[in-house]
Amino acid sequence: MSTIDLPALAAGTPVAPITSAGHAQLGLAVLVGIGVIVLLIGRFKLHAFLALTIGSLVLGAVAAAPLDKAIASFTSGLGSTVAGVGVLIALGAILGKLLADSGGADQIVDTILARASDRTMPWAMALIAGVIGLPLFFEVGVVLLIPVVLLVAKRGNHSLMRVGIPALAGLSVMHGLVPPHPGPLAAIDAIHADLGVVLALGVLVAIPTLAIAGPLFGRYAARWVDIAPPQDLVPERSSADLERRPGFAVTVGTVLLPVVLMLGKALVDIVVDDPADRVQRVADVVGSPLIALLSAVIVAMFTLGRAAGFTRDRLSTTVEKALLPIAGILLIVGAGGGFKQTLVDVGVGRMILDISEDWSISPLLLAWLIAVAIRLATGSATVATISAAGLVAPLAADMSSTHTALLVLAVGAGSLFFSHLNDAGFWLVKEYFGMSVGQTVKTWSLMETIISVVAGGFVLLLSLVL
């Protein structure tokens, strides 16, 4: 792929920036805005939604933008982001809740583990996490899989890291690279990429990345940190009180249904390439993210919920419980979109194009580096993805749909770099596995870094051949 050329302004970049500030002032505004967000989240433990809101206003003020224009940019960005991905996040949460509460996730786990030998157990854990991680948020997946990891390690006398790292890697790779997770969805919306192409290439990058950062790295992590499973951290499994569970094949089919529909749309678009063709029009509707996820949720109510003996009231309760926890996620994603739009409207996107005009650097590498910097500063992969996507969106001006999708994946890969003390996921893993801070850095943090670097490398390799 060629290095950056200075294209004409693309859709989504400011035609008339709301401030005429110079590059130095805009650069200072970006640093101050991100610095305020980091300080509020890291030092004062303020909720990311409030931190992003305040940081956006500070950014506008330092960039000398009129306050009313800065507010308008933030609110329009928030509204468009929630409109673009809010429903998809909600549908993904419902599908994940049905998968967990019906015992479908446990059915997948038990079936695969029953057929895995001692040698293949780490690969089985990676496969389980990869499949379950498709519709589940990272934190939900961790809570769901941790009991399985602890039980497998205890009963099979396996090293906890040997089976735990592949499971964590599977969840993290899906969280950062594959929609319908919030980060990739928000990046797709900001960069105006094709979701089907991102999904196809995301899975292509995710498989080798998971193999390297999961089972292969797990061998070394087990040597560096040899700990026993904490005896008091094994919660009850989701399906412990159910009389029956859905079958393995139907559960996997339900989980993969939206993936198949969206990939089918992408394939038809490539093969047919005629917007007037009836087959392509049908595929565009059926394979749209909204219809694909909505179809999966409706199907899951029967194949998972009713198969587990759920009454109509319990199905309704399950859906309600699925929606409550994502309110915070939606607000963070929305505020991230507002911050992104403020960055764009004050002219930061234009500034990045200007200052990078003579750089001999791939735009994909630049996107990865920006996401890494924001990830290290804020600790949030989602915030890093949304903010970086807004900054690099102008780079997609003259890109093909394939390279635009790779730009999304470069941002997603960078957003996973080196989870440390300012990341909630760091503490979640530390406490569940009963590790010290140093042990968590040598295992979890290093695993995240490997995922980021390896995935970024595969994205660059794909850009050379696609």
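The structure is a predicted model, in which local features need pLDDT of at least 70 and side-chain atom pairs count only at pLDDT 80 or more, while totals for chains, interfaces and linings use all residues. Residues are numbered from 1 along each chain as its sequence is written, and side-chain values use heavy atoms, with hydrogens and water left out.

The buried residues of α18 include His403, Thr404, Leu407, Val411 and Gly414. From its first C-alpha to its last, α18 reaches 20 Å, close to the 20 Å expected for its 14 residues at 1.5 Å a residue, where the expected span is 1.5 Å times one less than the number of residues.

## The protein as a whole

The protein has 20 helices and 0 strands; helices (H or I, at least four residues) and strands (E, at least two) are DSSP runs, numbered from the N terminus. Buried residues make up 57% of its 466 residues. Among contacts with a separation of 6 or more, 82% join residues 24 or more positions apart, a contact being heavy atoms within 4.5 Å.

At 1.5 Å a residue, the 12 residues of α17 should span 16 Å, and its end C-alpha atoms are 16 Å apart, which agrees.

How do the axes of α17 and α18 cross? The axes of α17 and of α18 (residues 401-414) come within 9 Å and cross at roughly 140°, where axes are lines fitted to C-alpha atoms, for helices over the stretch in contact, and angles run from 0 to 180 degrees between N-to-C directions. The two helices are therefore oblique to each other, since angles under 35 degrees count as roughly parallel, over 145 as roughly antiparallel, 65 to 115 as roughly perpendicular and the rest as oblique. The contact is made by Thr385, Ala388, Ala389 and Val392 of α17 together with Leu407, Val411 and Gly412 of α18. By class, this contact has 5 nonpolar, 2 polar and no charged residues; Ala, Val, Leu, Ile, Met, Phe, Trp, Tyr, Cys and Pro count as nonpolar, Asp, Glu, Lys and Arg as charged, and the others, Gly among them, as polar.

## Helix α3 beside helix α13

Helix α3 (residues 67-101) and helix α13 (residues 312-323) pack at an angle of about 125°, with their axes 8 Å apart, and that angle makes α3 oblique to α13. From α3, the residues in the contact include Ala90, Ile94 and Asp101, and from α13 they include Arg314, Val319 and Leu323. The residues of this contact divide into 8 nonpolar, 1 polar and 4 charged.

Phe74 is also found in α3, and with 8% relative accessibility this residue counts as buried. Although Phe74 and Ala335 are 261 residues apart along the chain, their C-alpha atoms are separated by 7.7 Å. Leaving out residues up to four places away in sequence, Phe74 touches Leu52, Thr53, Ser56, Ala335, Gly338, Phe339 and Thr342.

Which residues does Ser172 contact, leaving aside its neighbours within four places in sequence? They are Phe138, Leu416, Met447, Glu448 and Ile451. Ser172 lies in helix α7 (residues 160-177) and is buried, with a relative accessible area of 1%.

Ser288 has its place in the loop between α11 (278-286) and α12 (289-305), and this serine is buried, with a relative accessible area of 18%. Not counting residues up to four places away in sequence, Ser288 touches Lys265 and Ala283.

## Two loop residues with positive phi

Most residues other than glycine have a negative phi. Ala64, in the loop between α2 (48-62) and α3, has a positive phi of about 65° although it is not a glycine, and Ala64 is partly exposed, with a relative accessible area of 47%.

Phe418, found in the loop between α18 and α19 (424-433), has a phi near 40°, a positive value in a residue other than glycine. Phe418 is partly exposed, with a relative accessible area of 29%.

Note on methods. Buried < 20%, exposed > 50% of the residue type's maximum accessible area, 1.4 Å probe, protein only.
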